[in-house]
Amino acid sequence: MADCIFCKVAAGEIPAQVVRRGDGMLAFRDIHAQAPTHLLVIPTHHVASLNDVTDAGLLGRLLAFARDTAREAGVGDRGYRVVVNTNPDGGQTVYHLHLHVLGGRPMEWPPG
Ligand code: AMP
Ligand code: ZN
């Protein structure tokens, strides 16, 4: 997707702080971190949102990748939150599927 910023991140055309890469996935630091650890996990190929995923196996791989990334980032034991904002009411602003991995502080509930 020519105009997709996360496709450009995946292609190395936009700089990002990549923390993990492999198996068609990438984890990098959110540019506007909402927690001491705030990472984004994406498939390197374009999928607009959770609604557009046709391969359920991709979801499992992404979630496992997010878990492993959280462990590597040192927040696995204390805990973290994985969020997938989907479409306008979900608060999605970038239409390339991404999992937020948030940690390093206690998360609040309910979310805003
Ligand atoms: P969402 O609102 O769920 O679509 O999340 C999009 C996230 O992408 C936001 O938390 C942004 O701060 C983050 N973001 C946008 N552009 C970049 C970028 N170039 N590098 C890293 N994170 C970004
Ligand atoms: Zn994309």
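**Ligand and zinc sites**

Mentor: To begin, an oxygen atom of ligand 1 has a polar side-chain atom of His98 at 2.9 Å, a polar contact being a pair of N or O atoms within 3.5 Å; within protein, one must be able to donate a hydrogen and the other to accept it, and residues adjacent in sequence count only if both atoms are side-chain atoms. Keep in mind that this is a predicted model, where local features need pLDDT of at least 70 and side-chain atom pairs count only at pLDDT 80 or more, while totals for chains, interfaces and linings use all residues. Residues are numbered from 1 along each chain as its sequence is written, chains are lettered from A and ligands numbered from 1 in the order in which they are written, and side-chain values use heavy atoms, leaving out hydrogens and water.

Trainee: What is the geometry of the site of the zinc ion (ligand 2)?
Mentor: Its protein donors (N, O and S atoms within 2.8 Å of the metal, or 3.2 Å for Na, K and Ca; water is not among the atoms, so sites may look incomplete) are Cys4 (SG), Cys7 (SG), His46 (ND1) and His96 (ND1), at 2.0 to 2.3 Å. Four donors count as tetrahedral if all angles lie between 85 and 135 degrees. The angles among the 4 donor atoms here are 105 to 115 degrees, so the site is tetrahedral.

Trainee: Is His46 buried, exposed or partly exposed?
Mentor: Buried means under 20% relative accessible area, exposed over 50%, and partly exposed in between (1.4 Å probe, protein chains only). Cys4 at 7% is buried, and so is Cys7 at 13%. His96, at 0%, is buried too. His46 has 25% relative accessibility and therefore counts as partly exposed.

Trainee: How many disulfides does the structure hold?
Mentor: A disulfide is a pair of cysteine sulfur atoms within 2.5 Å. By that cut-off, the number of disulfides in the structure is 0.

Note on methods:
Tetrahedral: all angles 85-135°; square planar, octahedral: opposite > 155°, others 65-115°.
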